[in-house]
Amino acid sequence: MKKYVLDLKVVAVEALNGRYALLRLTHDATLPAMLPGQFVEVRVDNSPQTMLRRPISIHYVDVENNELWLLVAAVGEGTRRLVSLHEGDVVNCVLPLGNGFSRDVASGERVLLVGGGVGVAPLLYYGEYLKSRGAVPLFLLGARSATDLLELERFRSVGEVYVTTEDGSMGEKGFVTNHSILCQPSFSRISTCGPKPMMVAVARYASRAGIDCEASLENLMACGLGACLCCVEKTVDGNLCVCKEGPVFNTRKLMWFEE
């Protein structure tokens, strides 16, 4: 897909809790087509300590309002700058980057989307895509506590939502791989994004159950174009740049089970 470097205008910054914010961006012209699972590289201005762009998953594309939504976790200087932006500010982005989730789904197919923390970001847009194709998305979302769960109502507007929290404050207590929905699988494939230990556990479950699984990797990506080699991942096809060949990979291609 063609890549663009665009100055996008901030429509709103919605604080979701003390750490996460939803950044809604627009452009004077129609935004380019973007696929579920792709990402953008965001330039952080007025931050001398932030030299590189920040890779952020495409959370949602609101075609009707010509908006791109980014779910941002304020974990460092760069992302703290982004969540402190205001309406009317301009953000320079390179987009769309990478390869997204599988789009060859059948009508009626049930797909489990498993996310943890800010890793839930690409699953909303993918869930809506699946729904538009007649498939049935089911979300399994995990967090440390209820206060860390993000945008549950938006996810519920797309499909069924199942929740785990480590402290038991909402949903079932434990990790996503402990949820009872996994005891009697009623889905044909899994897509996951979140902390690597979580994704490895999900991939192991899928392998044992004979269910196709793909994961959106969150390796450190500096350039987003496969030039800097910061994000290399070991696969059955050799070392590949996650930003260029991914970020979504079928877990059969990854060497996780040998680590």
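This is a predicted model: local features need pLDDT of at least 70, side-chain atom pairs count only at pLDDT 80 or more; totals for chains, interfaces and linings use all residues.

Trainee: Okay, pockets then. Which element gives the largest share of the lining of the largest pocket?

Mentor: That pocket has a volume of about 1,100 Å³, and 47 residues line it. Elements giving two or more residues to this lining include helix 1 (77-83), strand 5 (67-73) and strand 4 (54-62). The largest share is four residues, and it comes from strand 4.

Trainee: And how many of the residues lining the largest pocket are charged?

Mentor: Among the lining residues, Gly-116, Gly-117, Val-118, Gly-119 and Glu-218 lie nearest the pocket's centre. By class, the lining splits into 24 nonpolar and 16 polar residues, and the charged ones number seven.

Trainee: What about the second largest pocket: which elements give two or more residues to its lining?

Mentor: The second largest pocket has a volume of about 180 Å³. Its lining includes Arg-81, Leu-82, Val-90 and Val-91, and by class it holds five nonpolar, three polar and four charged residues. The elements that supply two or more of the lining residues are helix 1 and strand 6 (90-97).

Trainee: Is Leu-130 buried or exposed?

Mentor: Leu-130 lies in helix 2. Beyond its neighbours within four places in sequence, Leu-130 is in contact with Val-105, Val-111, Leu-113, Ala-135 and Pro-137. Buried means under 20% relative accessible area. Leu-130 has 0% relative accessibility, so it counts as buried.

Trainee: Now a polar one. Which residue's side chain makes a polar contact with the side chain of Ser-145?

Mentor: Look in the loop between strand 8 (136-143) and helix 3 (152-156), where Ser-145 sits. Ser-145 counts as buried because its relative accessibility is 14%. The polar contact, at 2.9 Å, joins its side chain to that of Thr-147.

Trainee: I see Glu-151 has a positive phi although it is not a glycine. What is its relative accessible area?

Mentor: Glu-151 is found in the loop between strand 8 and helix 3, and its phi is about 55°. Glu-151 is buried, so look for a value under the cut-off: its relative accessible area is 11%.

Trainee: Leu-229 also has a positive phi. Does it count as buried or exposed, and at what relative accessibility?

Mentor: Leu-229 lies in the loop between strand 12 (212-216) and strand 13 (232-235), with phi near 65°. Exposed means over 50%. Leu-229 therefore counts as exposed, at a relative accessibility of 55%.

Trainee: Last one: where does Pro-247 lie?

Mentor: The peptide bond from Gly-246 to Pro-247 is cis, with omega near 10°. Another cis bond runs from Leu-95 to Pro-96, with omega near -15°, and Pro-96 lies in strand 6. As for Pro-247, its place is the loop between helix 5 (242-245) and strand 15 (248-250).

Terms used
Residues are numbered from 1 along each chain as its sequence is written. Side-chain values use heavy atoms; hydrogens and water are left out. Buried means under 20% relative accessible area, exposed over 50%, partly exposed in between (1.4 Å probe, protein chains only). A polar contact is a pair of N or O atoms within 3.5 Å; within protein, one must be able to donate a hydrogen and the other to accept it, and residues adjacent in sequence count only if both atoms are side-chain atoms. On a 1 Å grid over the protein atoms alone, a cavity is a set of points where a 1.4 Å probe fits but cannot get out, and a pocket is an open set with protein on both sides within 12 Å along at least five of seven lines; lining residues have an atom within 4 Å of a point. Grid points are joined across faces, edges and corners, and a volume is the space filled by probe spheres set on the points. Ala, Val, Leu, Ile, Met, Phe, Trp, Tyr, Cys and Pro count as nonpolar, Asp, Glu, Lys and Arg as charged, and the others, Gly among them, as polar. Contact means heavy atoms within 4.5 Å.
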